[in-house]
Amino acid sequence: MSQTIEQDLHDEFLRALAGLCPLERVREIEAMDGGPDAERLAARIWQDIDALGYVDALTPAELGGAGLSLADAQGLLRAAGQAALPYPLADTMLARALLRAAGQAVPEGPIALAPARSGPSGLHCVQTPGAGLARSVLVQRDGCLLLVAAPVSPDPGLFRPRASAAPAWPESPPVIGRVALPDDSAQAWRNAADAAGIAGAMQAVLDRCIAFVGERQQFGRALGRFQAIQQEISVLAEQVASTAMAARLACASGALFPHASLAACARLRACEAIPVVCAIAHAIHGAIGITEELALGIYTTRLHEWRAAGMSENDCAGLIGRQLLTGESQTLLDFVRGIMETAPAGSGANAPCVSA
């Protein structure tokens, strides 16, 4: 599938999400005091989104899906990040593809992919974005994904207490599905999918900053006319473009699971960019972005959550370094050439880049 079609998928899905789940609906869904009304709203909006068919994008065509590769579907993940979609869309897309390929039933509702962690008893998972809205959880443990029903009262998320969570069961929950998957494949997927979502959210931050400096007046001139602001916007655009490029390369192999080194590179680049992007965006807005009324805070909260909830920068750099030192490459250039061979030629073309 060409990049033009991938961009078309991004644009179509983004337009659909703008109508089905605008930011005011996102606020209602994630409200801590939303109660049953917020739960019903969340369920109804998810059903509407699911009816579009994009959630089955990675499911093989012979099993009722679209049969897209990760390279084809990464535009959907960027659109979800750009729309601040609160559900674990990427996790659900992968879970449905894996479960159907294994001949297992797919549960209704969103599905979160959460790595297990050691606990005194029962089953405990790490903080996972969107897990608070999931109906089921694929628990990643020892080379296997265990499908279990989401806990009734999960530990709330640190950044989005209602939408995200650290799923935990005091006793071993009944397993309703099981898929064999190496831990490194699951981690590579997580890194690439996160990078694509982060790129989309950063694009939304950049768009809002450009609109703000074009409208806001200071000393009789638009903020965007000041050289200092133009410099900040340029740095912001550079960070967004490099993150989008890294995410595109990580997803460009054409397979469902990306190359581990490219995926780690993408997450490393995204996580390095997050504090810079958030700091510049809030500074441009005069720090009013911390208020609940401004949409900027929705995106920067998600960006910080993505950075905190997944593989750390040090771990990503360590993974890349180990592959470099233990591989057959004689030089760093040979190593880079080797991993770039997994990305088809021209995969970096048309990478998102918006200037002020």
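The crossing of helix 5 and helix 6 is right-handed, meaning that the near helix is turned clockwise from the far one by less than a right angle. Before I go on, a word on what we are looking at: this is a predicted model, where local features need pLDDT of at least 70, side-chain atom pairs count only at pLDDT 80 or more, and totals for chains, interfaces and linings use all residues. Residues are numbered from 1 along each chain as its sequence is written, and side-chain values use heavy atoms, with hydrogens and water left out.

Back to our pair. Helix 5 covers residues 89–101 and helix 6 covers residues 183–215; helices here are DSSP runs of H or I with at least four residues, strands are runs of E with at least two, and both are numbered from the N terminus. Their axes come within 10 Å and cross at roughly 140 degrees. Those axes are lines fitted to C-alpha atoms over the stretch in contact, with angles from 0 to 180 degrees between N-to-C directions. The two helices are therefore oblique to each other, since under 35 degrees counts as roughly parallel, over 145 as roughly antiparallel, 65 to 115 as roughly perpendicular, and the rest as oblique.

Who makes the contact, meaning heavy atoms within 4.5 Å? On helix 5 we have A90, D91 and L94, and on helix 6 W189, R190 and A193.

Now helix 5 by itself. At 1.5 Å a residue, its 13 residues should span 18 Å, and its end C-alpha atoms are 18 Å apart, which agrees; the expected span is 1.5 Å times one less than the number of residues. Is helix 5 mostly covered or mostly open? Mostly covered, with 11 of its 13 residues buried, where buried means under 20% relative accessible area, using a 1.4 Å probe and protein chains only. After the helix comes G103, whose phi is positive, near 75 degrees.

Let me finish with strand 3, residues 136–141, where we find Q140 and also V139. V139 is buried at 0% relative accessibility, and Q140 is buried too, with a relative accessible area of 12%. Leaving out residues up to four places away in sequence, V139 touches A114, A116, L123, C125, C144, L145, L146, V148 and W169. With that same exclusion, Q140 touches A114, P115, A116, L145, D183 and A186. And do look at V139 and A281: they are 142 residues apart along the chain, and their C-alpha atoms are separated by 35 Å.

Notes: Contact = heavy atoms within 4.5 Å. Buried < 20%, exposed > 50% of the residue type's maximum accessible area, 1.4 Å probe, protein only.
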